[in-house]
Amino acid sequence: MARAWLAIAMAAGLVHASFSVYWGFGGDWLLATIGQQMRSTFADGRSVLIFVGLVKASCAVAPYVLFRRGELSRRSWSWISWTGAAVLVVWGGAGCVAAHLVLGGVVRPDGGYDEAGQIGHAWLWDPLFLIWGLALMAGLMVHRREMGRRQAARTRWGSNIAAPPAS
């Protein structure tokens, strides 16, 4: 079950990453949905989005690969993964709520707002961050529970002597 959640997290992260790379190479599809401010920020240096996309892709793939190798339980990787999941949930959740508040007229930014950008953040990019983070959290929780059960079974049957030390 952990593998399924981690695969969902990886897929969401790779979708996010692929758009960054695509825009970095000059693509324009859905570019308006990131907002005018972001487009202005990267207008003269869109190639930097290739690097951003590669970092996102690495972060999306790493927990799944570590899980498959049996290394996700290591304290350092586990801590990094939990931190990443928390950041994704907070960032995606806050951005999604904020964009919905703007679109709903509850919050009225001075000088107006970029409607296409707000729609993109409300319905696409920030929910995708949120899904990525929640799926990663679910995978990490299930993995922790599965590892706890395995450790308990080893201890119960007296085979914990051969178990590697916790890292």
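Mentor: Welcome! A nonpolar core is a set of buried Ala, Val, Leu, Ile, Met, Phe, Trp, Tyr and Cys residues joined through side-chain atoms within 4.5 Å. Keep in mind that this is a predicted model.

Trainee: Thanks! How many helices and strands are there in the chain?

Mentor: From the N terminus on, the elements run α-α-α-α-α. That gives 0 strands and 5 helices.

Trainee: Which residues in the largest nonpolar core touch the most other members?

Mentor: This core has 26 residues. Helix 1 (2–24), helix 3 (48–69), helix 4 and helix 5 (115–156) each give two or more residues to this core. The residues that touch the most other members are Leu6, Trp23, Leu72, Trp125, Trp132 and Leu136.

Trainee: Which helix gives the largest share of this core?

Mentor: Look among the elements that give two or more residues: helix 1, helix 3, helix 4 and helix 5. The largest share is 8 residues, and these come from helix 5.

Trainee: Which residues does Leu72 touch, not counting residues up to four places away in sequence?

Mentor: Leu72 belongs to the largest nonpolar core. Leaving out residues up to four places away in sequence, Leu72 touches Leu6, Pro63, Leu66, Phe67, Trp77, Ser78, Ser81, Leu140 and His143.

Trainee: How far apart are the end C-alpha atoms of helix 4?

Mentor: Helix 4 covers residues 75–103, which is 29 residues. At 1.5 Å a residue, it should span 42 Å. The model agrees, because the end C-alpha atoms are apart by 42 Å.

Trainee: Which residues of helix 4 are buried?

Mentor: To count as buried, a residue needs under 20% relative accessible area. In helix 4 the buried residues are Ser78, Ser81, Ala85, Leu88, Val89, Gly92, Gly93, Cys96, Ala99 and Val102.

Trainee: Arg46 forms a salt bridge with which residue?

Mentor: Arg46 sits in the loop between helix 2 (36–41) and helix 3, and its partner is 18 residues apart in the loop between helix 1 and helix 2. The closest N and O atoms of the pair are 3.1 Å apart. The partner is Asp28.

Trainee: Is Asp28 buried or exposed?

Mentor: Exposed means over 50% relative accessible area. Asp28 has 52% relative accessibility, so Asp28 counts as exposed.

Trainee: What is the distance between the closest N and O atoms of Arg39 and Asp114?

Mentor: Arg39 lies in helix 2, while Asp114 lies in the loop between helix 4 and helix 5, 75 residues apart. The two form a salt bridge, and their closest N and O atoms are apart by 3.8 Å.

Terms used:
Residues are numbered from 1 along each chain as its sequence is written. This is a predicted model: local features need pLDDT of at least 70, side-chain atom pairs count only at pLDDT 80 or more; totals for chains, interfaces and linings use all residues. Side-chain values use heavy atoms; hydrogens and water are left out. Helices (H or I, at least four residues) and strands (E, at least two) are DSSP runs, numbered from the N terminus. The expected span of a helix is 1.5 Å times one less than its number of residues. Buried means under 20% relative accessible area, exposed over 50%, partly exposed in between (1.4 Å probe, protein chains only). Contact means heavy atoms within 4.5 Å. A salt bridge is a side-chain nitrogen of Lys or Arg within 4 Å of a carboxyl oxygen of Asp or Glu.
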